[in-house]
Amino acid sequence: MKHLIFNTYLILCILAGLISAGCSHADPPTNLEPKLILLEATQITRTSAVISMKVENPGSASLSYLRFCYGKDGKINNVTGNVQSTGSVIHYELTDLTPGTTYHYYAEGGTSSATLTTETLSFTTFPNEKPKVSQVRTLSSGPTGVVVEFEIIDDGGETLREAGCEIKEVGTDEPRRIYLSATELSQGKHNLYITGLKLRTSYNISSFASNSGGETVSEPIDFTTQNGVILLEPGILSSLFGDFPVASESLSITGYMNGSDFRFLRKLVGAPVLSSEEPIQSAVKELELADVNIVEGGGTYDNSRTTEKDIVSKEIFADCKQLKSIILPNSVVAIQRDAFARCPFLESFNVPLNVNELTPSVDCPNLKAIDVSEANPYYSSIDGVVFNKDATEIYWFPVGKTGHFELPMTITAIGERAFMGTHITSLTIPESVTVIQRGAFFGSALEQIELPNKITNISEGMFQDCSSLHIVKLGNSVELIGNYVFDGTTLTDLYIAATQPPFVYSDSFINNSYALLENCTLHVPAGCRAIYRNHAKWKQFKRIIEN
């Protein structure tokens, strides 16, 4: 009996060993299904989230589709399209989600023989919040206004209700708000014009924005109005003033100005109001534009002309009845004809460093001084009078200068109408001058004048309409007297040093308002009275005496 039990046990052990040996050498099965592992959601915002799954595939079975299913309010009713497996982990971004909401999601896939489903997980989107705004930044400013910029960084996920800037005078408790229009209520940068401020007054300025979740107000900036204007972009000068009266008599401007800016600037210094425009109360008389850059663009400054880069254009300050003085931009290269025409109170202006073109303006009866930069290579000024750089030729004599003036010894010529309408009563002309052009003293206030001996031609209309002129002395080289030279004068004494009578035209001695030949005494060199008395034209003088 013992042998039987032993043999049976031995047989069982042998069979067990054979089975074990057979299993250890068998190949693993190839029909195992892939395994899907759902991962926690990441990158969650108010309206988006990224959901992910991991795919493990120990067998050879392939997935015919792979997708996510998700939903809110306990309902999973949204299915993504088929997602592509490019690695072991698959990501999918959900967008247009509802803020502050819990979503449930799972992943599913399918093979030819099975449908695979993961567990269900959840995430909650962040709730909406109040808007986010930046601090205010000043762009341009003036005595009674400022242009500011601020940014609505985030609308908080809600429709914006209001946004703008709040300004409060330091030391007061009553802020004032300026709002963006309904069409401007959006994320991004915005500009606002704030007017109606007080000169030399300090303010706190903040930005604000609100939605259904509440309102956000930025930290305030400190701003103090100054007499000067800063224009970081052209075309906005009028916005800094609005319709408020300007009490200051002086105004400084820095920055960029175009035709629209000069149109408004002209109003500030008393130019006529153009069609369809309202006048503005302004006491401005003095302009400081040294740091201005004149640019093209904008509207016309006088209903017909536009600005040109770095040029004081024709009549750009014409008819500015209040303008008393002006400092022109350092960048200017040209001052065109009649830029200051008919400015009755203008007393002074400057010619900057780079000006290479300069043409006078008419009807500036009080203009006393034109100051040319010493570094200008083309022009110079002596006692407020403009000459070329070497002071050999006069370009512009301010008509408001009075009394006596003495030309520099370097001058060789006096240009056409150089002293037209001037208020000086006497003038010293050096012997270096050889040419005096037509109408050089037309309409001036000269009472007496003596011309150098090298002048041979008394050009046409040289003293015409000099109603105060009584004494004229001509040199010994005079050969010709032009037409209308003494027309409109009240000459009492004409001295001529030439021993031979100069040639005269038919209208040389004409004077429509004064009996020149009857009332003026002609003074000729000693021993020459008979020569002049026997000359066909000169003998018309009723009184001829020798010096």
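In what follows, Ala, Val, Leu, Ile, Met, Phe, Trp, Tyr, Cys and Pro count as nonpolar, Asp, Glu, Lys and Arg as charged, and the others, Gly among them, as polar. The structure is a predicted model. Its chain has an average pLDDT of 91, and 93% of the residues reach a score of at least 70. Residues 1–25 are set apart by a pLDDT under 50, and the model gives them 0 contacts beyond four places in sequence.

The pockets may be taken next. The largest pocket holds about 440 Å³ of space. Its lining consists of 23 residues, and those nearest the centre are Pro360, Ser361, Val362, Arg417 and Met420. By class, this lining comprises 12 nonpolar, 5 polar and 6 charged residues. Strand β29 (residues 393–396) contributes the largest share of the lining, namely 4 residues.

At least two lining residues come from each of the strands β32 (423–428), β36 (471–474) and β38.

Is Asn483 buried or exposed? Its relative accessible area is 18%, and because the limit for a buried residue is under 20%, Asn483 is buried. Beyond its neighbours within four places in sequence, Asn483 contacts Glu460, Gly461, Tyr505, Ser506, Asp507 and Ser508.

Conventions
Residues are numbered from 1 along each chain as its sequence is written. This is a predicted model: local features need pLDDT of at least 70, side-chain atom pairs count only at pLDDT 80 or more; totals for chains, interfaces and linings use all residues. Side-chain values use heavy atoms; hydrogens and water are left out. pLDDT is the predictor's confidence in each residue, from 0 to 100. Contact means heavy atoms within 4.5 Å. Buried means under 20% relative accessible area, exposed over 50%, partly exposed in between (1.4 Å probe, protein chains only). On a 1 Å grid over the protein atoms alone, a cavity is a set of points where a 1.4 Å probe fits but cannot get out, and a pocket is an open set with protein on both sides within 12 Å along at least five of seven lines; lining residues have an atom within 4 Å of a point. Grid points are joined across faces, edges and corners, and a volume is the space filled by probe spheres set on the points.
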